[in-house]
Amino acid sequence: MSQHEEINTIDPASISQQELHGYLLSAVAPRPICFASTIDKDGNVNLSPFSYFNLFSVNPPIMIFSPSRRGRDNTTKHTLENVLEVKETVINIVNYDMVEQMSLSSTEYGDGVNEFVKAGLTQVPSDKVKPPRVGEAPVAFECVVDQVIALGDGPGAGNLVLAKVVQIHVKKAFLDAEGKLDTPKLDLVARMGGNWYCRANGDALFEIPKPIRTKGIGVDMLPEAVRNSTVLTGNNLGRLGNLEELPTKEAIAAIAAHAEVKSILNGNEDAVALHKLAQQWLAEGKTEDALALLHLGV
């Protein structure tokens, strides 16, 4: 970080709850959306979205979402009241095709109003729990509620709903040839700050090799001139450091024989030009070649 870069340092206790809410929700994003259907003891159905949500365990399969107490008057939401009465919920996953209807359902309708009807969504009976699922959702998880943990009793305080998955519904249209969920087909959406959402599709999707079964050499093992490059970005260095080994002399020699590389070397080994070519190769997925290129002259 540059020594001249200005930082605004904030004590959460020194600003209003509304300001804190803005900082937190804009910075901690994108957040997946839990579209939770619940039911009260009298059989009234409720459907509401929550972006304080994620998957926290596979064995057992546990998802957690958090209906917060209202900031304006400290009252609780129907979803929280329902899961305390009937400890079941369906977590419906939201994709782009239903995002506007999901948003409409977040309107705070009165007691007994069914958001399925208001939002024009299809109410489908569940197999193992009482709340219905959303027929338009690409994936729906029937859950039993293990615990509800209150994080406070003041305005804005969250309530963690620990939901154990007992049944999963997946639309076949969103599977790939191997029967696995296809991320581009899912076209999921996520919550940002303010009125903003993001869409996980097209150019927004990209892949990074996961260093799980391998041990990367690390950025610290790259030549100093590469680490301090004025061309290569932190992402470029991270991709290079994810490789398992440094290039061999033979690999470096083979790269030096490339016509494009020869033309650069014949121009008095312009380091910037070499680094730009390496960056291009990284974008093309030729990571090993890029690392060998960057070792020329080292």
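Ground rules. I am working on a predicted model, where local features need pLDDT of at least 70, side-chain atom pairs count only at pLDDT 80 or more, and totals for chains, interfaces and linings use all residues. Residues are numbered from 1 along each chain as its sequence is written, and side-chain values use heavy atoms, with hydrogens and water left out.

Largest pocket. I looked up the volume of the largest pocket, which is about 1,400 Å³. A pocket here is an open set of points on a 1 Å grid over the protein atoms alone, where a 1.4 Å probe fits, with protein on both sides within 12 Å along at least five of seven lines; lining residues have an atom within 4 Å of a point. The volume is the space filled by probe spheres set on the points, which are joined across faces, edges and corners. The lining has 50 residues, and His-21, Leu-25, Tyr-52, Ser-68 and Lys-77 are the closest to the centre. I find that α1 gives the most to this lining, with 7 residues. Helices (H or I, at least four residues) and strands (E, at least two) are DSSP runs, numbered from the N terminus. By class, I noted 20 nonpolar, 22 polar and 8 charged residues in the lining of the largest pocket. Nonpolar covers Ala, Val, Leu, Ile, Met, Phe, Trp, Tyr, Cys and Pro; charged covers Asp, Glu, Lys and Arg; the others, Gly among them, are polar.

Second largest pocket. I read about 520 Å³ for the second largest pocket. Its lining of 20 residues has Ile-93, Leu-181, Thr-183, Leu-186 and Leu-188 nearest the centre. The classes in this lining are 18 nonpolar, 1 polar and 1 charged.

Helix pair. The axes of α10 (residues 271-283) and α11 (residues 287-294) come within 8 Å and cross at roughly 170°. Axes are lines fitted to C-alpha atoms, for helices over the stretch in contact, with angles from 0 to 180 degrees between N-to-C directions. I therefore log α10 and α11 as roughly antiparallel (over 145 degrees).

Backbone. I found cis peptide bonds from Ala-29 to Pro-30, with omega near 0°, and from Asn-59 to Pro-60, with omega near 5°. Asp-187, not a glycine, has a positive phi of about 55° and sits in the loop between α5 and β10. I count Asp-187 as buried because its relative accessibility is 9% (buried is under 20% relative accessible area, with a 1.4 Å probe and protein chains only).

Note on methods: Parallel < 35°, antiparallel > 145°, perpendicular 65-115°, else oblique. Buried < 20%, exposed > 50% of the residue type's maximum accessible area, 1.4 Å probe, protein only.
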